[in-house]
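Colleague: Could you walk me through how to read the features of this model? I would like the general idea each time, and then the case at hand.

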Amino acid sequence: MKYIIKKIFFFILTLLIVVFLTFLAFQIIPGDPAVSLLGTEGTPLKVAALREEMGLNKPVGERFLTWVLNFMKGDMGISYSYQIPVSELITDKIPVTFLLTMLSFAFIICMGIPLGIYTSKHAGSRLDRLIMTVNQVTMAIPPFFLGIILTYLFGLVLKWFVPGGYISYSDDFFGFFTYLIFPAIAIAFPKSAMVVKLFRGSIIEEAKKDYVRTAYSRGNTINGVLYGHVLKNAILPVITFLAVVFADIIAGSIIIEQVFGIPGLGRMLITSIQNRDYPVVQAIIVCIAFVVLGSNLLADILLKVLDPRIKL
Amino acid sequence: MKKPEYHIVFTVVLLGVLTFLALMGFIHTPYDPDAMNGLEKFAAPDLHHIFGTDHFGRDVFSRVCKGLGTTFFVAVTTVMIGALGGTVIGALTGYFGGILDEIIMRFNDVVASFPSVLLAMVFISILGPGKYNVIFALGIIFIPSYARMVRSEFIKQKNFDYVKSAKLMKAGSFRIMFLHIFPNTTSVFMSSLAIGFNNAVLAEAGMSYLGIGVQPPDASLGRMLSESQAYLFTAPWFAIFPGIVIILMILGFSMLGDILQQKNGGI
Amino acid sequence: MGNLLEVKSLSITFEGNQAREKVVRNVSFSVMEGEILGIAGESGSGKTLTALAIAGLLNRHGAVSLEGEILFQGKNLLTCKREELRRYQGNDISMVFQEPMSSLNPVMKIGRQIEESIKIHGTLSKKERKEKAIWAMECVELENPEKIYHRYPHELSGGMRQRVMIAASLISNPRLMIADEPTTALDVSIQHQILKLFQKINRENHTAILFISHDLSLIYHLCGRALVMYEGSLIEEGNTKEIFYHPRHSYTKNLIACIPTYEKKV
Amino acid sequence: MADTILKLENVSVYFEKKGWKTIRTEAVNQVSFQIKEGETVGLVGESGCGKTTLSKAILGFVRHGEGDIQLKTPNPQMIFQDPFSSLNPSKKIGWILEEPLRLSGKYTKEDRKNKVREMLQKIGLEQKYAHRYPRELSGGQRQRVSIGIALLSGSKFIIADEPVSALDVTVQAQILKLLKEVQKEYNMTILFISHDLKVVYQICDRVMVMKNGRIIEDKKTEELFQNPEHPYTKLLLNMDTL
C-alpha cells in the first residue's frame, strides 16, 4: 500500500514537472503570442491591450499557476488559429485517439502473448524458426509504411475499405470502429512482433532457472511448469515493456492518423505544430503526458501485485 | 535459433549493401535525384529506372540513395550526440551516485517516459523543421536513455570486486571509470547503439513523413513516402521502394544489435 | 532390507554440435530401503548429474544422452514413459537442491510450493493439503508454520528456505529423498541443524536418503555407506568408516588428506 | 618486538536505511584489536556477523561510525571470496598483473613485463596465462592471480576474505599453501577472514571469533582450540562432530 501511495506521489510529481517544462518551453519561444494571435491587424496598441488581457505581463511563476489552475478547471486557453477554446477543439478528438490506441493495444496483447508462449514452447522447431524470421522482419516495418501498404492492398486493390473515407463515431459507431481496424493493425503489428520476441526470450530464460527444475522434480507436466511457474515470472519484463509500448502506440497513432486521414488528437497536433498554435500543442502534450505516465503507474502497480519482491 | 553464422553473414551483407547505396547518394547517383522530367512521370521500374520514377519524373532509385544518405547522416549524428552525452552523464552519476544522481535521474525519468517522436515534435514546433534541427532535437532526446543504460551498467559493475581491487591499487576515479569499467559495458553499449540507430531512423522517417522533419531540397525516405501516398494506385513503386529500404535498414541494425548482445563477454 | 534403487552401468553423455563429452561413465550402485547413502566428489565429478538422472530431470534436454538402467522398485526409469516417470517424481522420489533461494519459485507463496507435490499426485482437498503442509513444516521444525505458509521465499533466511525445500520434499512421504549439496550454501551452525533433520527424517519416516556432497566429513558423519566419484567414474564404494580410514584409491587418499582438520598445519 | 601494523580502537560501523524514519543497524560494534607485522590473524564468524563489513571499514570502503582505525602500511590489498568477480573480465591476466606496476609509475615497460613474468612463475602459473582472459582460468588459478596482484603492488598487508571457500578441497589446500609460502617469504601480515574454523586453524597464528558485530574471543590459535571460553566458540568447534 505504501508502495502504491509512493508511486502515485511520484506520478503527480512527474506530471507537474512535465507540465512545467512544456509551459517553460513555450515561454522561451521567440515571438509574442499576442502578436501571432492578432496576426496582420496587430497595432501596438491592440497588442498591448491583448497582452494585458492574456496576463502576459505577469511573472512566469504566477502565469504557470493560473495556467495549471485553469487547466484543471478545463480551461485550456484559446487556439490562435481557430479562435475558439482549446477544450472545445480537443474534446471530440479524444475518443477517436483513445479508441485507436486501445484497439492497437488489444491487438498487441492478442497477437504477442499467445505467439510468445507458442514459440518458446516449440523453440527450435521449424515453425518457430519461420515465425521468428517473419517476426524479425515485422519488427523492422515502420507503422506508417505498413499503413500505406495496408491502404494499397486492402483499400485500393481489394477495396475492403475506402481510404480516407473516415466515418465519425457520432454518425455510425460500427462504421467508425471498422474503419479503425486497419490503422490499429498498422500500429500493432510491429509492436506485437517485439512483444513476441521479448516474451519468448523471457520464457526461455526463466525455463533455465533452478526453480523450474524443482517444479519438474515434484512431478509437474510441461504445461504445469509453464503455466504454474514460468509464466508468472516471465511476464514481468513484458509488463514493463508494455508500458513503453503504450507510449509508443500513442506516438504511432499521431502518424497513423495522418496516413489514414483520421481526425484525432495526432492530426490536430501536427496541424497545430505547423501553424504554431501553441495553446493547442501544449494542451495535447499534457493530455498525452497524463496517459503515458498513467500507463507507467498502472504497470508499476501491476508489477507490485505480481512480484512480491519489489520494494521501493 | 538459426545457425549464427548465416545470421552474421546476412547482416554484414545487408548493412554493406545499404552503406554502399548511402555512399552512392553522397557521391554519385545514376540520375540527378532532383532533375525533373515531364516526359517520364510515373515510369514503372525498368532497366533505365530500376525503381521507377515519381510524379515529377525523378528517378526513384537515385532519390532513395540520396534519402538513405540523409537518413544515415541524421541517425549516425543523432546517436553520436546521444551516446556521447549519455555516456558522460551515466558514467558520472552511476559511479559517484549522490544527490545529483537523484535529480538527474528523476529528470531522465520524465524525458524517457515519453515517446521520442513526440518530444522531437515539441522541439521542432519551437525550433522549426529542418535537418539540423531534427538532429539536434533527437540527439538531445536520446541522451537520457543512454545515460540510464550506462548508469545502470556502471552501478552493476562498480560493485564487482575488481573495481575494489583497482581502488586498492590507488587507481584514479577516471582511470577506473573509463579504463577498468567502461570496456565491460561495451557489449551492452554497442547493442544499444544499434537500437538507438533504429529509433533515430524511425523517428526521422516519421517526422519527415509528417512534414516536420527533413525539408526539401534534402531528400528523405520519409518524405518520399508521404509524397507517394497520393499516387499510391497509379505508382505503387514510388511508395514501396523507399519503404523497403527503411525496413531493410532497421532489420539490419536490429540484427546487428542482437549479434552484439549475443557476443556478450562480461561477467 | 531390499534394494530400493538400483543404478546399473549408467553413462551420461553431453551431445554438443561436434564434440560428445561423456561426463558420467558406467556407474553402478544401489540404495537400500531406509538407508542414507552418500556420494562424495569434487565439482565436475558427475555426482550432481547422476542425481538428476535418477530424479528424471535430465532427459528433457535433447542434448544429453543416457545409457544404462535406473531401476526404482524394479521399474526402469530411463525407459518408462514420461507419464509413468512423472508419477514417481515428487511422490516416491523427491529432491532437495543446493541453492534454496533460486530453487524456490520467487513469486509463489511458500505454502503452495510445499503442497505442490501432493496437489499433483493426490486427491486431497485444499484444506487437507494445508493441514498436511503445516504438518510438514512442523516436521522440519519451522516456527510459526501458519504464518510462513503465506510468505514468499525472499522473506525467509537461508536456513528457513532450506527447511521449506525439505518440507516440500517430505510432504508426500517419499521412499527416496535425493539431497544435492543441501547444506553447502548455509552457515555451519545451520548446516548442523539441517543434517540432524535429515537424520530425523530417515529415522522416523524410514525414508532412504541419497546425500550428495563435496564435503567428505559431512558424509562421514551422516552416512552409513558412501561412494566416491572422480571425473565421472565411481572409484570407491563401501562402508563410510572403511573408506575414511582405509581408502583404496589414490584420489580418495588425496581427498581425505586435503580435508582441513585440527591435527595438521599447512 | 614487531611493529603494530593495524590498530583498531572501539570501532563501530553502522548501516543506515533511509526512509521516512532512518533505521540504524550496527554491523560492527565496539571492536578493538591490533595486528603486528608478520602475523597471520584469523577472523571467524558466520554470515552476517560483520566480518566482511569490518574488513571493508579497514580498507575504507565503508565509513566507520565511531572509533579509530590506524593502518600503518601504505597499500593494503585484498583477496576476495568470489574469484569470478575479482578480476576484470575484459582484461588479460598479464594486463591485470601489470596494472599495479603501471600505477606506481616507477618501472619501464620492459621492467614491468619482466616482473609480471617472474610473478607468474612465483604464483605457479605458466607464462601462457598472461595472454588469457580471467574467464579462461579456474577458480584456483584466479585466486593465484589475486595473490600475485597483492605482491606486485608491494603490499605488506593483505586482507583475505574467504579466499578458499569457493574452491574444491584439493585446490583449497594448494592455495593455502601458496598463501603461507608467500607470507613467510615477504614477511606479510595477513588478516584471514573465514567461516571455517578448520581452515583458519591451519594457517593462522591467532584467531578472533566474531558474533553479532562483536569480537568475543581473541587468542593464540592453539590456545583457542584447546580451551575455548565463550560458549559460541565451543559451539562452532563442536559443529564438526554430529
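Modeller: Happy to! From the N terminus on, chain A runs α-α-α-α-α-α-α-α-α-α-α-α-α, which amounts to 13 helices and zero strands. Helices (H or I, at least four residues) and strands (E, at least two) are DSSP runs, numbered from the N terminus. Along the principal axes, the C-alpha atoms of chain A fill a box of roughly 85 × 55 × 30 Å.

Colleague: What should I keep in mind about numbering and confidence?

Modeller: Residues are numbered from 1 along each chain as its sequence is written, while chains are lettered from A and ligands numbered from 1 in the order in which they are written. This is a predicted model, where local features need pLDDT of at least 70, side-chain atom pairs count only at pLDDT 80 or more, and totals for chains, interfaces and linings use all residues; side-chain values use heavy atoms, with hydrogens and water left out.

Colleague: Which pair of chains has the most contacts?

Modeller: Contact means heavy atoms within 4.5 Å. Five pairs of chains touch, and the most contacts are between chains A and B. There, 46 residues of chain A are in contact with 39 residues of chain B. Chains B and C, on the other hand, do not touch, and their nearest C-alpha atoms are 11 Å apart.

Colleague: How much area do chain A and chain B bury between them?

Modeller: Buried area is the accessible area (1.4 Å probe) that two parts lose on being put together, summed over both. For chain A and chain B the value is about 3800 Å², with 78% of it on carbon and sulfur atoms. A:Phe144, A:Phe145 and A:Ile148 supply 15% of the area that chain A buries against chain B, more than any other three residues. Chain C and chain D bury about 2400 Å² between them, 60% of it on carbon and sulfur atoms. That contact takes 23 residues from chain C and 25 residues from chain D.

Colleague: How many salt bridges are there between chain A and chain B?

Modeller: A salt bridge is a side-chain nitrogen of Lys or Arg within 4 Å of a carboxyl oxygen of Asp or Glu. Between chain A and chain B the count is one: A:Lys197 pairs with B:Asp258, and their closest N and O atoms are 2.4 Å apart. Between chain C and chain D the count is zero. Over all chains, a search of the whole structure finds 38 salt bridges. Among them is the one joining the side chains of B:Asp101 and B:Arg151 (2.7 Å, N to O). This pair links distant parts of the chain, 50 residues apart, with B:Asp101 in helix H3 (residues 98–112) of chain B and B:Arg151 in helix H5 (residues 131–158) of chain B.

Colleague: And how do I read helix packing? At what angle do helix H6 and helix H7 of chain B pack?

Modeller: Axes are lines fitted to C-alpha atoms, for helices over the stretch in contact, and angles run from 0 to 180 degrees between N-to-C directions. Helix H6 (residues 161–168) of chain B and helix H7 (residues 173–210) of chain B pack at about 160 degrees, with their axes 11 Å apart. H6(B) is therefore roughly antiparallel to H7(B). Angles under 35 degrees count as roughly parallel, over 145 as roughly antiparallel, 65 to 115 as roughly perpendicular and the rest as oblique.

Colleague: Which residues meet there?

Modeller: B:Tyr162, B:Val163, B:Ala166 and B:Lys167 in H6(B) meet B:Ile176, B:His180, B:Ile181 and B:Asn184 in H7(B).
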